[in-house]
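Hi,

Here's the structure I said I'd pass along. Have a look, and my notes follow below.

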Amino acid sequence: MSEQLDLWDDDDMGMGRQGIGVDGAIRLSVSLRTDGSLLRLRIDDNRIGPVGVSAISSVLCTNHTLKELILSDNPVGDDGAEDLAGMLRINRTLTSIVLMNTGIRERGSAALASALADNPTLLRLEMGFNNVG
């Protein structure tokens with residue numbers, strides 16, 4: 001897994017179902033700080049919870065290349081959704097985020113909805129299979 005986190009050759013990184021967890025998400029966020037080519041990051045079903053989402057959200061505040069983030073089937077929860085919402089208030093590069101089945105409830109959904117009002121570039125936000133409302 002370390003090779004996958006340290007470098008990639010193209011603009012699409014697919015790491016679904018690799019079990020990277022929080023530690024892997026934090027290491028991935030460090031790699032994202034220096035990478036200027038990645039356009040799509042697929043890290044679905046990796047046991048990435050709010051702490052890992054916070055690390056990724058933090059780096060995406062300054063990343064100006066990533067267009068698509070897929071975090072489906074991770075325990076993001078309301079805390080992770082709030083971190084993503086904070087990032088969306090700053091990031092003007094992401095056009096798509098997929099958060100299917102991530103344990104986001106009303107509080108996290110409200111935070112994301114509020115952030116969308118401030119973000120003119122996000123065109124797609126998928127949140128199916130969450131217990132909202």
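**What turned up**

F129 is exposed, at a relative accessible area of 68% (exposed means over 50%, buried under 20%, and partly exposed in between, with a 1.4 Å probe and protein chains only). F129 sits in the segment after β5 (124–126), and its phi is positive, about 65 degrees, although it is not a glycine.

Before going on: this is a predicted model, so local features need pLDDT of at least 70 and side-chain atom pairs count only at pLDDT 80 or more, while totals for chains, interfaces and linings use all residues. Residues are numbered from 1 along each chain as its sequence is written, and side-chain values use heavy atoms, with hydrogens and water left out.

D45 also has a positive phi without being a glycine, near 55 degrees. You'll find D45 in the loop between β2 (40–42) and α3 (50–60), and it is partly exposed, with a relative accessible area of 32%. Helices (H or I, at least four residues) and strands (E, at least two) are DSSP runs, numbered from the N terminus.

Leaving aside neighbours within four places in sequence, L60 is in contact (heavy atoms within 4.5 Å) with L66, L69, M87, N91 and L94.

Cheers
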